[in-house]
Amino acid sequence: MDNQNVVYDKNNTRCPLFLTNSDDYKCVLIITVKRATATFSLISCFFMLCVIWLFRKYNSLAQKMILCLTIAAFFDSIAYVMGDVHPDGVLCNFQAWWLTYFDWCSLAWVCLITLNLYLNLVKEMKTDHFEVLYHLMAWGVPFVMSCLPLFRDYYGPAGVWCWITDDHVAWRFGIWYIPLFTLIFLMTLCYVRIIYVAKERVLSWSGTFNPEREWRKVSLAEEIKPLKWYPSVYLLVSLFPLINRLHNAFNPLQPVFSLTLLHVISAPLHGLANAFVFGLDKDTWGQLNFTSMQLAIHSRLCDRTLIKEYRTGAVRYVPLAEAGSLDLGDDDDDNTVLFYSPAMTLKDRGP
C-alpha cells in the first residue's frame with residue numbers, strides 16, 4: 001500500500017524516492033510503472049462491471065458481493081492512478097485515507113465472500129438475510145480503520161503515494177499488514193475446510209435419489225473452483241509490498257530500487273487479480289463470445305417487450321335480444337358480456 005520511507009523535502013523539486021540526484025530516472029520509472037499497473041487494474045474492473053451489467057450477474061447474494069468487490073477495487077485503482085509525490089497537506093491526507101479505505105473494502109469483501117461460502121456449504125445456512133450486515137461490515141469497518149491514522153495525523157508523504165508516514169512504522173503494520181496476512185491465513189483455512197466438505201458431499205450417497213440435491217452439490221463444487229483463488233492472489237500481490245516494507249523498517253535510509261519496483265508493480269494489482277479470478281468462472285468465460293455478447297447487448301438496449309397481466313372484469317350473461325341495447329363503449333371496459341340464446345339447449349354428454 002505504501003512505498004518508501006524517505007523524508008520529503010518541500011524545498012527540493014527532485015523526486016524524493018531515492019536520496020541521490022543521479023537516481024531521478026529511477027523515480028520516473030517507478031511512477032510510470034505504478035500508474036501503468038494501476039491503469040490495467042482500473043480497466044479490468046471496468047470490464048468486470050460491464051460484464052456484470054451486461055449478463056445481469058447481480059441476482060444472487062454471491063453475485064452482489066462480487067459486484068461490491070469490483071466496485072471497491074475500481075475506486076482503489078483510482079487511488080493508485082492519482083497517487084503521486086505530494087507534500088503534506090489536505091490533498092495528501094485525503095489520498096492516503098482514500099487508499100486505506102478502499103484497500104480495506106476490497107479485503108473485507110473477499111473475506112465476506114469466503115465467509116458466505118463457508119456458511120452456505122459447511123454450515124448449510126441460508127445467508128440472504130445477512131446482506132445488510134455484510135454491507136455494514138464491508139463498508140463500515142474499513143471506514144473506522146482508515147480514520148484512525150487520520151485522526152492521529154499519521155498520514156503524509158510515503159514515497160510514490162501518500163500513506164502512513166515513515167515515523168509510524170508500527171501503525172503501518174498494525175493498520176494493514178498484520179490484519180492482511182492474518183485474514184489471508186484464516187481464509188486459506190476456510191477454503192481448505194470448504195473444499196474438503198464439498199468433495200465429501202459429492203462422493204457421499206444417502207437416502208433416495210434427489211436430482212435437485214445432486215445438482216446443488218455439483219453447482220457448489222463449480223462455484224468453489226474460482227473463489228478459492230482469492231486468498232492466493234491477495235497473497236501474491238501483497239508479498240512484495242510486505243518484503244519492501246520490512247526492509248524499509250530496518251533500513252529506512254537505504255531504499256532498494258528492485259524491491260521498490262516490485263512493490264509498485266504488485267500493490268495496485270488488486271483489480272486485475274479480481275478480474276483474473278472472475279474470469280475463471282466457466283459460465284462467465286463461456287459467455288464472452290461475439291454471439292452471446294451481441295444477444296446480451298440487444299436484450300439490454302433494444303428489447304422493449306413488455307409482458308402485462310391480463311385483468312379480467314365482471315361477467316354478465318344477457319339474452320341475445322337485449323344485446324343490441326347494451327352500450328359497450330370505453331366506459332364499460334370492466335364488464336365482459338356473454339350472450340346466450342334462449343332456444344339453445346345443452347345436452348348431457350355423460351362422464
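This is a short chat about a predicted model of a protein chain.

Q: What does the secondary structure of the protein chain come to?
A: The model is predicted. The chain has 11 helices and 4 strands.

Q: And how many of the 351 residues count as buried?
A: The share is given as a percentage: 42% of the 351 residues count as buried.

Q: What share of contacts join residues at least 24 apart?
A: Take the contacts between residues at least 6 apart in sequence. Of those, 73% join residues at least 24 apart.

Q: Let's go to helices. At what angle do α2 and α3 cross?
A: They cross at roughly 155 degrees. Their axes come within 8 Å.

Q: So are they roughly parallel or roughly antiparallel?
A: Roughly antiparallel, because angles over 145 degrees count that way.

Q: Is that crossing left-handed or right-handed?
A: The crossing of α2 and α3 is left-handed.

Q: Which classes of residue make up the contact of α2 with α3?
A: There are 20 nonpolar residues in that contact.

Q: Now α2 and α4. How do they pack?
A: The angle is about 20 degrees, and the axes are 12 Å apart. Helix α4 covers residues 131–151. An angle under 35 degrees counts as roughly parallel, so that is the label for α2 and α4.

Q: Left-handed or right-handed this time?
A: For α2 and α4, the crossing is right-handed.

Q: Which residues meet there?
A: From α2, they are Leu 61, Lys 64, Met 65, Cys 68 and Ala 72. From α4, they are Glu 131, Tyr 134, His 135 and Trp 139. By class, this contact has 6 nonpolar, 1 polar and 2 charged residues.

Q: Lys 64 and Cys 68 are both on that list from α2. Why might residues four places apart point the same way?
A: An α-helix has 3.6 residues a turn, so residues three or four places apart point the same way.

Q: New topic: rings. How many aromatic pairs are there?
A: A search of the whole structure gives 16. One of them is Phe 75 with Phe 102, and that pair is stacked. The ring centres are 5.3 Å apart, with 20 degrees between the planes.

Q: Where do those two Phe residues lie?
A: Phe 75 lies in α2, residues 61–82. Phe 102 lies in α3, residues 90–121.

Q: Is each one buried or partly exposed?
A: Phe 75 is partly exposed, at 29% relative accessible area. Phe 102 has 10% relative accessibility, so it counts as buried.

Q: Which residues do ring pairs link into a cluster?
A: Phe 74, Phe 75, Phe 94, Trp 97, Trp 98, Tyr 101, Phe 102 and Phe 143.

Q: What about helix α9? How many of its residues are buried?
A: Of its 10 residues, 7 are buried, so α9 is largely enclosed by the rest of the structure. Among them are His 270, Gly 271, Asn 274 and Phe 278.

Q: Last one: Leu 259. Where is it found?
A: Leu 259 is in helix α8, residues 257–266. At 18% relative accessibility, Leu 259 counts as buried, because the cut-off is under 20%.

Q: What is Leu 259 in contact with?
A: Leave aside its neighbours within four places in sequence. Then Leu 259 is in contact with Ile 243, Asn 244 and His 247. Asn 244 is 15 residues away along the chain, yet the C-alpha atoms of Leu 259 and Asn 244 are separated by 5.5 Å.

How values were computed
Residues are numbered from 1 along each chain as its sequence is written. This is a predicted model: local features need pLDDT of at least 70, side-chain atom pairs count only at pLDDT 80 or more; totals for chains, interfaces and linings use all residues. Side-chain values use heavy atoms; hydrogens and water are left out. Rings of Phe, Tyr and Trp (its six-membered ring) pair if their centres lie within 6.5 Å; planes under 30 degrees apart count as stacked, over 60 as edge-to-face and the rest as tilted. Buried means under 20% relative accessible area, exposed over 50%, partly exposed in between (1.4 Å probe, protein chains only). Axes are lines fitted to C-alpha atoms, for helices over the stretch in contact, and angles run from 0 to 180 degrees between N-to-C directions. Angles under 35 degrees count as roughly parallel, over 145 as roughly antiparallel, 65 to 115 as roughly perpendicular and the rest as oblique. A crossing is left-handed if the near helix is turned anticlockwise from the far one by less than a right angle, and right-handed if clockwise. Contact means heavy atoms within 4.5 Å. Ala, Val, Leu, Ile, Met, Phe, Trp, Tyr, Cys and Pro count as nonpolar, Asp, Glu, Lys and Arg as charged, and the others, Gly among them, as polar.
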